Amino acid sequence: SPTNLLNTMAPSLSPLRSHHVAVIGAGAAGLVAARELRREGHSVVVFERQKQVGGTWIYTDHVEPDPLSVDPTRPVVHSSVYATLRTNLPRECMGYIDFPFVARSGGDQRRFPSHGEVLAYLQEFAKEFKIEEVIRFETAVERVAPATEGGSGKWRVESTETEKRVRRDEVYDAVVVCNGHYIEPRLAEIPGISSWPGKEMHSHNYRTPEPFKDQVVVLIGNSASAVDISRDIAGHAKEVHVAGRSNPADTYIKQPGYINLWMHSMIERVNKDGSVVFQNGQTILVDVIMHCTGYKYHFPFLETNGSVTVDDNRVGPLYKHVFPPELAPWLSFIGIPWQVVPFPLFELQSKWIAGVLSGRIMLPSKDDMMEDIKSLYATLEAQGIQKRYTHRMGIAQFEYNDWLATQCGCPGTEEWRKEMYLTTGVRKRTTPETSHHVAVIGAGAAGLVAARELRREGHSVVVFERQKQVGGTWIYTDHVETDPLSVDPNRTVVHSSVYASLRTNLPRECMGYLEFPLVVRSGDPRRFPSHGEVLAYLQDFAKEFAIEEVIRFETAVERVSPAKEGGNGKWRVESTETEKRVRRDKVYDAVVVCSGHYIEPRLADVPGISSWPGKEMHSHNYRIPEPFKHQVVVLIGNSASAVDISRDIAGHAKEVHVAGRSNAADTFIKQPGYSNLWMHSMIDRVHEDGSVDFQNGKTILVDVIMHCTGYKYHYPFLETNGSVTVVDNRVGPLYKDVFPPALAPYLSFIGIPSQVSPFRLFELQSKWIAGVLSGRIILPSKEDMMKDIKSFYATLEAQGIPKRYTHRTQFEYNDWLASQCGCSEKEQWRKEMYLTTGVRKKAHPETYRDEWEDHHLVSQAYQDFSLYTLTCNM
């Protein structure tokens, strides 16, 4: 009889024996179980009812028919699922011990990744360890029972391959149950629910927020699913109410950052008229009740004649949540504990089971295992812990993991993993991360990295870009926009000439983002690359992190202003797609301005210029030197552009004169190596006869004056009712050059600082903004931010620094940003390289790009780059 067969299953094994093992389920537990069993020398067959590996991480293209589903047959929009529903543990915590869950190239780069990224990780794991070759997909296990022949703990597994309708009845030495506990939904008991007329569903069937548009929804539960789904649907539903059994009876709290999301105590009852009455006394007419109330352990295929039961969600008796003493080691379970870091726990349980089955690891006697289980149950009862929480672990998981590790003879849980789990839990409770819909203005170097960091933090993003491609100021179009200051606004630009002559004034090692270095690709191999090489780098970056999919190209932002409705910092963005003449008017939770400060040219004040007859232009419109052939040209400025352009056109122009405001009044120096290039003091005035007087007393007849005088911060689209102004090129008030206190954190700026190593600074500013918007990083109060700004302005004034230099900053600022974001600025070589480049540029402006002595810094940089490249390719 089955009872006698069960009694024959004694936990005795010959040393290092190989067994034929059936694994039920190809999710995260089943995959690692298969690997460990095979490593130990067992033969394995994995049964999986779906078409692919992944288990609970698979979001199918339909929801199985379920009376609780809003619409059980509706299509699922995968992009929405993967963009909004994310893990509640960071990827570093989640992975198997010897197969880290790092961000893959082209995948979800966020630290708390989407379900889709976890699924991709499990698929890679299965491929890496060749597990798919032992999986029977689309095969439903219908019955697992003691075999009627053979004894010695053997198990009969009856299964059906659904596609081919092949039915199998096979005998295995052992069975490992890995079907998870996210299958059978558990529902809250609600008085009156049988006659309540609304729609009722379980979070198990939730996919996208769109079906809840204009609905009043109540979610029951305090778990991660209730927190995540409530915020996900708040952007579509009319009202969202979350009822929690653990909330005090008088709980009635509006959630910060939302105009339609409330926390309640538990539901008291529901009525025939569609109303829901809460314990706090509130009564609301409701369309949908969603149970975010977890699941029940469910093993409908398993027959053990009462040796394993599920009673009030306690599976037992199980020794250490794995082996039922009566049936050990021939029947075991992986993945029963909850409130854990799952994958490493599954891995350790798998190692233990595999070792026990091979005889390498010995179990206690049946009696000793039962004694241990009874002791656990007694402890839980003494502590007042209800039966349904038997398998909840929390912080106790690490002691459990360490115990498993000692049994298997392998190291216990890494200390960083424990700390990361704990600190994530604290942050989740104190500053629950919130996802926002964010508009990013500009797809240049700042806008691209802003989009990446915002998406990594879980925000949805739309990037507005008026040009046809990414790159911003690094794009050199095939014509110059019509501009009265241009020599010839319609002339064709010869790209090869531009890229051969105009180069960066920082080496490529300094320029790139931290984890996406600007190394030599297939283009310009020089250490100080051309503008074209930087543009290609930004295009590679956009492709690598799939940013183009959220960019609206050829779309001009015409107006950004506070939304008239809703409040809470929301912003109205009005834009026009120029090619299709499509006009949009949409409200976003936040706006990040990344339009740069190389748009609106700043001109020097030159006495007499209004009647001077020559041609006047700004370096903004400079492209190639040929139009200046046989011309006498004066460039105004001491910046890199004046230095570079003056030398670029000296080979074509008749004479080139550079006038600098910071030069001494008597300056008149012929530049070494040039027969037609002079340095002057500033222009004194110009005349109607075309002459230019310098402060050094020289007078020259001039054809062209070129202003190499920089740019003005310019935001013609932005309306803030005076909260943000631009006065003498100071944008303010801005806390740390990013947040205007009156509008923080829902309006921010990236790329305001000047004289910097730009891309790394943009990256740190982006991380800070993304973390602040999610609630992970907390800003000071409005008053404290204003106090900081006023103190900073006072310091500048005391030092005699003009207002227009407010935003000059660099490495101390970067270090401060890094500390806010929880990352470290360890690249000392980047700071030293920036400084030594500046020294060489002043001493050897002709050759500093092609001759250098900081080879040791280059070596340090590429050592770091190799680490980033390795991480990205894992």
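In the predicted model, a positive surface patch is made up of Arg602, Arg661, Lys712, Arg804 and Arg808. One of these residues, Arg661, sits in the loop that connects strand E32 (655-659) with strand E33 (668-670). Arg661 counts as exposed because its relative accessibility is 63%, and the cut-off for that class is over 50%.

Salt bridges were searched for across the whole structure, and 43 were found. Side chains of opposite charge can pair when their charged atoms come close. One of the salt bridges joins the side chains of Lys351 and Glu36, with an N to O distance of 3.4 Å. Lys351 belongs to helix H7 (residues 342-358) and Glu36 to helix H2 (residues 28-39), so this pair ties together parts that are 315 residues apart in sequence. Lys351 has a relative accessibility of 18% and therefore counts as buried. Glu36 also counts as buried, at 5% relative accessibility; the limit for this class is under 20%. Both residues take part in a network of salt bridges that links Arg35, Glu36, Arg39, Asp98, Glu347 and Lys351.

A further salt bridge is formed by Asp173 and Lys154, whose closest N and O atoms are 2.3 Å apart. Asp173 is located in the loop between E6 and E7, and Lys154 in the loop between strand E4 (139-146) and E5, so the contact ties together parts that are 19 residues apart in sequence. Asp173 is buried, with a relative accessible area of 14%, whereas Lys154 is partly exposed at 27% relative accessibility.

In the salt bridge between Lys831 and Asp815, the side chains meet with an N to O distance of 2.9 Å. Here the partners lie in two helices, Lys831 in H19 (residues 828-843) and Asp815 in H18 (residues 811-821), so parts that are 16 residues apart in sequence are tied together. The relative accessible area of Lys831 is 17%, and Lys831 is buried. For Asp815 the value is 28%, and Asp815 is partly exposed.

Turning to the strands, an open sheet is formed by 5 strands in the order E3-E2-E1-E7-E21, and the pairing is parallel.

Thr162 occupies the loop between strand E5 (155-161) and strand E6 (166-172). With a relative accessible area of 46%, Thr162 is partly exposed. The C-alpha atom of Thr162 is separated by 5.9 Å from that of Thr139, although the two residues are 23 residues apart along the chain.

Several backbone features were also found in loops. The peptide bond from Gly732 to Pro733 is cis, and its omega is near -5 degrees. Pro733 lies in the loop that runs between strand E41 (730-732) and strand E42 (747-749).

Positive phi values occur at Ala546 and Asn729, neither of which is a glycine. For Ala546, phi is about 50 degrees. Ala546 is placed in the loop between helix H14 (531-544) and strand E24 (551-552), and Ala546 counts as partly exposed at 26% relative accessibility. For Asn729, phi is about 65 degrees. Asn729 is part of the loop between strand E40 (725-727) and E41, and at 11% relative accessibility Asn729 counts as buried.

Definitions and conventions. Residues numbered from 1 in each chain as written. Predicted model: local features only at pLDDT ≥ 70, side-chain atom pairs only at ≥ 80, totals over all residues. Heavy atoms only, no water. Patch = residues over 30% accessible without salt bridge, like charges linked within 9 Å, V, L, I, M, F, W, Y side chains within 5 Å. Areas by Shrake-Rupley, 256 points an atom, 1.4 Å probe, with all protein chains shown as cover. Salt bridge = Lys/Arg side-chain N within 4 Å of Asp/Glu carboxyl O. Lys, Arg positive; Asp, Glu negative; His and termini not counted. Charge placed at Lys NZ, Arg CZ, Asp CG, Glu CD. Helix = DSSP H or I, 4+ residues; strand = E, 2+ residues; numbered from the N terminus. Buried < 20%, exposed > 50% of the residue type's maximum accessible area, 1.4 Å probe, protein only. Pairing = 2+ DSSP bridges.
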